[in-house]
Amino acid sequence: MKLSWLDIRGLGELKEAVLQEALHYRVEGVVADDLADLAELPPTLSKIYFPAGGALPEEFGEATIVIVDPARHGIAPAELALKHPQIEFGRFVEIIDAPTLEEACDAARTERWSVLLFRDPTKIPLEIVIAAAARSTGSLVTVAQDVEEAEIIFGVLEHGSDGVMMAPRRVGDAAKLKAAAQAEVPDLQLTELEVVGTEHIGMGERACVDTCSHFREDEGILVGSHSKGMILCVSETHPLPYMPTRPFRVNAGAIHSYTLSKDERTNYLSELQAGSKVMAVDIKGSTRMVTVGRVKIESRPLISVDAVAPGGQRVNLILQDDWHVRVLGPGGTVLNSTELKPGDRVLGYLPSEDRHVGYPIDEFCIEK
């Protein structure tokens, strides 16, 4: 879980509304330069005192974390920690050149909390700090100007900053920041399905989903004709006799088929486009979101695959009727669609809820 800190310093009349929103969406911390602003906050969030400059007070009231800039405040976090063992201290660093970048790396390696402000728009300095902090037990919190930048910061070097501190510009920003911090995708519980029949069903349109990411050999996307049953289609990472591998692609299925995206929302393959997000899944059920770069829809012969779950639930998948289109079985076994036969085992997923415009909903629905 990534940390979302709301900076309420200087918000004026907007402050009270932002605080209510912060509490409602359960952000992890509120940053203030007035100890009175922290006094009434509940203990469920971190109360972060970050004064603008000058002398520090003798006591820190209800603050649970205090951030200092040694250059401005004239004291290091370690010195303060000796005087106030009940409080966690951190160091603020503004990165503008090579010396301040080295200072940020040192803070990342040694401090409990490092709050970093990068003036350069490139994220390369942040990458350097994240790498420097790889073995550190402290946490990096990076200042973001808006939610869009926060989303990028959370993903830098695939690890991202541990948290983001952002001053909201309007009511609603707290909710968006919290959503960006929760972008990690929960793992899924996959199920072994038994193939009970296949049928060549003639021509139709199928979709190849080309993403902006390399898939691993045991990874693909879940696809199915019905929202409550999907089969794991493997990417083109495995060698083919007549063409090079395309490890960014999944030859996914007929255009009516469902696949999963964020928050287990379903999308039709036909509605995916450049910039869409889809859920990549491996044979252990580990997931990540990948970005679609292109969807190729072409007319091809199709094959219908029917499988059944241990509890009797039937699952259908319609694929391109071609040997090089494949699905994954237990242990990462690669199965060619045209060679599937009754008794074969494939990996699938059984969502428990029906769908309305792609969103999970508990309602009466029959899919055939």
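**Residues and helices, one by one**

Reader: Is aspartate 263 buried or exposed?
Author: The words rest on relative accessible area: buried is under 20%, exposed is over 50%, and partly exposed is in between, with a 1.4 Å probe and protein chains only. Aspartate 263 has 63% relative accessibility, so it counts as exposed.

Reader: Before we go on, what kind of model is this?
Author: Residues are numbered from 1 along each chain as its sequence is written, and side-chain values use heavy atoms, with hydrogens and water left out. Local features need pLDDT of at least 70, side-chain atom pairs count only at pLDDT 80 or more, and totals for chains, interfaces and linings use all residues, since the model is predicted.

Reader: Where is aspartate 263?
Author: Helices (H or I, at least four residues) and strands (E, at least two) are DSSP runs, numbered from the N terminus. The C-alpha atom of aspartate 263 is 8.5 Å from that of proline 186, although they are 77 residues apart along the chain. Aspartate 263 itself sits in the loop between strand E13 (258-260) and strand E14 (266-268).

Reader: Thanks! How many helices and strands does the protein chain have, then?
Author: The protein chain has 368 residues, of which 51% count as buried. Its C-alpha trace spans about 80 × 45 × 30 Å along the principal axes. As for the elements, the protein chain contains eight helices and 22 strands.

Reader: At what angle do helix H5 and helix H6 pack?
Author: Axes are lines fitted to C-alpha atoms, for helices over the stretch in contact, and angles run from 0 to 180 degrees between N-to-C directions. The axes of H5 (residues 98-110) and H6 (residues 124-132) are 8 Å apart, and the packing angle is about 35°.

Reader: Which residues of H6 make that contact?
Author: Contact means heavy atoms within 4.5 Å. On the H5 side, Leu101, Ala104, Cys105, Ala108 and Arg109 take part. Their partners on H6 are Pro125, Ile128, Val129 and Ala132.

Reader: How many residues of this contact are charged?
Author: Ala, Val, Leu, Ile, Met, Phe, Trp, Tyr, Cys and Pro count as nonpolar, Asp, Glu, Lys and Arg as charged, and the others, Gly among them, as polar. The contact of H5 with H6 has eight nonpolar residues and no polar ones, and the number of charged residues is one.

Reader: Why do the buried residues of helix H7 lie on the same side?
Author: In H7 (residues 147-155), the buried residues are Val147, Glu149, Ala150, Ile153 and Phe154. The arc is that of the directions from the helix axis to the C-beta atoms. These residues share one side of H7 because they cover an arc of only 150°.

Reader: Which residue's backbone nitrogen does aspartate 146 reach at the start of H7?
Author: The buried residues of H7 pack against strand E1 (3-7), H6, strand E7 (139-144), strand E8 (163-166) and helix H8 (173-181). At the start of H7, a side-chain oxygen of aspartate 146 comes to within 3.4 Å of the backbone nitrogen of glutamate 148.

Reader: How many of the nine residues of H8 are buried?
Author: Asp173, Ala174, Ala175, Leu177, Lys178, Ala180 and Ala181 are buried in H8. Their cover includes E1, helix H1 (15-24), H7 and E8. H8 is largely enclosed by the rest of the structure, because its count of buried residues is seven.

Reader: What is the relative accessible area of arginine 26?
Author: Arginine 26 is in the loop between H1 and strand E2 (29-32). Its phi is near 60°, a positive value in a residue other than glycine. Arginine 26 is exposed, and its relative accessible area is 67%.

Reader: Last one: with which side chain does the side chain of arginine 300 make a polar contact?
Author: Arginine 300 is in strand E16 (residues 287-308) and is partly exposed, at a relative accessible area of 28%. A polar contact is a pair of N or O atoms within 3.5 Å; within protein, one must be able to donate a hydrogen and the other to accept it, and residues adjacent in sequence count only if both atoms are side-chain atoms. At 3.5 Å, the side-chain partner of arginine 300 is glutamate 298.
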